[in-house]
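Subject: Structure for you to look at

Hello,

Please find below the structure that I promised to pass on, together with my notes.

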Amino acid sequence: MKVKIIEEPHWSIKPDKVNLEDLINDFIQDKKVIDIKYQSNCSGFADSGVHSTDYERSALIMYEDNEETADNPVVERVKKEKADLDEKIKKLKAFLNDDEKLSSIGKEQVKLLGLQLETMERYSDILWARIYDLEG
């Protein structure tokens, strides 16, 4: 969880300027918000016959970055990565088993694609080991 404090600038009290709501909405658009706490303060003062009022508004935003939320832990990202990789492995195996397609690319490319497939399968095995370890 992370926090961010946003204060409405004093110059933004006029409606045509940026206000606290705009600042909050801009900040949270790509975040998973846990909670927002709002605070306002109005104070008046007088000095040598001059009277004034000061308004302050702020918000404390508790959030998680979308990439690191509890809804999307590391293990889920690794599972997705493995699933995507396994789909590519499946397609490459199908290509390498198609003699007609292989005849059009040359022996060196066939050899390199075979090495690529071996490497991808090893990578998939490593991702599986990570998933197993993360799930305990």
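Among contacts in the chain (heavy atoms within 4.5 Å) between residues at least 6 apart in sequence, 61% join residues at least 24 apart. This is a predicted model, in which local features need pLDDT of at least 70 and side-chain atom pairs count only at pLDDT 80 or more, while totals for chains, interfaces and linings use all residues. Residues are numbered from 1 along each chain as its sequence is written, and side-chain values use heavy atoms, with hydrogens and water left out.

The chain contains four helices and three strands, where helices (H or I, at least four residues) and strands (E, at least two) are DSSP runs numbered from the N terminus. Following the sequence, one reads the pattern β-α-β-β-α-α-α. Of the 136 residues, 21% count as buried, a word that stands for under 20% relative accessible area, with exposed meaning over 50% and partly exposed in between (1.4 Å probe, protein chains only).

The largest nonpolar core has twelve residues, among them Val75, Ile89, Leu117 and Ile131; such a core is a set of buried Ala, Val, Leu, Ile, Met, Phe, Trp, Tyr and Cys residues joined through side-chain atoms within 4.5 Å. Helix H2 (74–96) and helix H4 (107–135) are the elements that give two or more residues to this core, and the largest share, six residues, comes from H2. Leucine 117 touches Ile89, Leu92, Lys93 and Leu96, if residues up to four places away in sequence are not counted. A second, separate core of eight residues includes Ile6, Ile28, Ala59 and Tyr63.

The axes of H2 and H4 come within 9 Å and cross at roughly 155°, the axes being lines fitted to C-alpha atoms, for helices over the stretch in contact, and the angles running from 0 to 180 degrees between N-to-C directions. H2 is therefore roughly antiparallel to H4, a label for angles over 145 degrees. The residues of the contact of H2 with H4 divide into 17 nonpolar, three polar and nine charged, where Ala, Val, Leu, Ile, Met, Phe, Trp, Tyr, Cys and Pro count as nonpolar, Asp, Glu, Lys and Arg as charged, and the others, Gly among them, as polar.

Finally, aspartate 125 is found in helix H4 and counts as exposed because its relative accessibility is 52%. The C-alpha atoms of aspartate 125 and lysine 82, which lie 43 residues apart along the chain, are separated by 8.8 Å.

Best wishes

Key. Parallel < 35°, antiparallel > 145°, perpendicular 65-115°, else oblique.
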